[in-house]
Amino acid sequence: MMKLKTATVLLFFQLVIVSCQKEEKKAVATEPKITNDTIKTVKTEEKIDYSNFNIFSLSVISSAEKDSDMDIFISVSDIYKGEQPIPSDIVKNYKQMSFEERQHFELDSSSRKKLLNGIHLTENDSLYIYEYGSNKLQKMPVSQLKAVAYLSPYTDSEDLDPDSYMMGFQVATHQKTTDYDQYNNAIAYFGNKNPFIENKMKPVKWQKAGADISKKYFSHSKLTQGKTYQSQYENMTYYLQDYLEEGNIVERKLVAINDHKEKIAEKTFSLAGSDGGEFLPLYGIDADEANVFQYTGHLFKGKPPVIFGFIAQSFGCPSVSFLDQKEKDFPINCDNRH
């Protein structure tokens, strides 16, 4: 059976989870007001349209021929509307096909066109892959990418229909372990402009903060307060507060403070309603530099800085959170359909 793991997201997923997030309770009157005036936004002359903006994780899939070989694949099934564009002969004849033939195949020209139309792409668009962990950007013309289908690992391979497949584009094939690791901390976008800012992301390295921080920046909760941590990025200090229930961390709250001691953002990351989710280790506290999950910095052109990577979720996909209360999270499409 095919083995699959989704880079950065399905693995940990990196990145803050939409389904697990909720708005933090209104701050008590003694807390500083949130102000957006002092958030540094990287200016750019290039305007990016974020009205129908979609970003994607990259999946690492075991080759049918050799387990040590991996294919790198981006599923766009999350945003494709309608019946999946599987060639009719595959649907009709799959029982006569071998598992290898059913598991993975390239789309024919008509199915490829249907896929592109269904996600509003053209052959003139490009795929942009930004490896924020290593600050590397790749650009690939859509016209040079194979449109492919991979059998979902959560599907009964003996009883198939078009929805049994993940539809998308193949990025690379026959990758070794040392080659596909680069996609663990990467994010992808399809379009006619590069939305990513380069060389402005960094790992969040945490250290323990004093008890006075907890009292100063975090409001009262029915949950038991646990440890408090802090980290620094540019002119901002991040404080992170654990909240416990029966000795287990069930919620974490984040505040970002600027160099004027003003609270410019606050976020709540919760396991409430999360089936099988768990908090990811904090770099500098219980993880080393080989296991970094939280990243922060300027990621999107014309947007405030981001932070993500707090929860690993079994169901649903992660998202990117902005350090600005006015900005909605960007979900990362990951085809986590189980």
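## Confidence of the model

The protein chain has an average pLDDT of 84, and 82% of the residues score at least 70; pLDDT is the predictor's confidence in each residue, from 0 to 100. This is a predicted model, in which local features need pLDDT of at least 70 and side-chain atom pairs count only at pLDDT 80 or more, while totals for chains, interfaces and linings use all residues. Residues are numbered from 1 along each chain as its sequence is written, and side-chain values use heavy atoms, with hydrogens and water left out.

Over residues 1-38, pLDDT stays under 50. For this stretch the model has 152 contacts beyond four places in sequence, a contact being heavy atoms within 4.5 Å. Where pLDDT is low, the predicted coordinates should not be read in detail.

## A five-stranded open sheet

Helices (H or I, at least four residues) and strands (E, at least two) are DSSP runs, numbered from the N terminus. Two strands pair if DSSP finds at least two bridges between them. Five strands form an open sheet in the order β13-β14-β15-β16-β17, with antiparallel pairing. The edges are β13 (207-208) and β17 (263-270); each has a single partner strand, so one side of each is left without a neighbour in the sheet.

Within this sheet, β15 (residues 236-245) and β16 (residues 248-257) are joined in the antiparallel sense over nine bridges. Gln 241 stands opposite Lys 253 in β16. Lys 253 also lies over the face of Tyr 243, at 5.1 Å from the ring centre. Arg 252 lies over the face of Phe 279, at 5.2 Å from the ring centre. A charge sits over a ring if NZ of Lys or CZ of Arg is within 6 Å of the ring centre and within 35 degrees of the ring normal.

## The covered strand β11

Strand β11 is mostly covered, with five of its five residues buried, where buried means under 20% relative accessible area, exposed over 50% and partly exposed in between (1.4 Å probe, protein chains only). Ile 187, Tyr 189 and Gly 191 are on one side, and Ala 188 and Phe 190 on the other.

β11 pairs with β3 in the antiparallel sense over two bridges, and Ala 188 is the bridge partner of Phe 56. Five bridges join β7 to β11, again antiparallel. Gly 191 in β11 stands opposite Ser 126.

## Nonpolar cores

A nonpolar core is a set of buried Ala, Val, Leu, Ile, Met, Phe, Trp, Tyr and Cys residues joined through side-chain atoms within 4.5 Å. The largest has 37 residues, and those with the most contacts inside it include Leu 58, Tyr 165, Val 171 and Phe 190. The elements that each supply at least two residues of this core include α3 (109-118), β7 (126-131) and β11 (187-191). The largest share, five residues, comes from β10.

Beyond its neighbours within four places in sequence, Val 171 is in contact with residues including Leu 58, Ile 72, Leu 127 and Tyr 183.

## Aromatic pairs

The whole structure holds 22 aromatic pairs. Rings of Phe, Tyr and Trp (its six-membered ring) pair if their centres lie within 6.5 Å; planes under 30 degrees apart count as stacked, over 60 as edge-to-face and the rest as tilted. Tyr 50 and Phe 300 form an edge-to-face pair, 6.5 Å centre to centre with 80° between the planes. The two residues are 250 residues apart, Tyr 50 in the loop between β2 and β3 and Phe 300 in the loop between β19 and β20. Both Tyr 50 and Phe 300 are buried. They belong to one aromatic cluster, whose members also include Phe 53, Tyr 128 and Phe 322.
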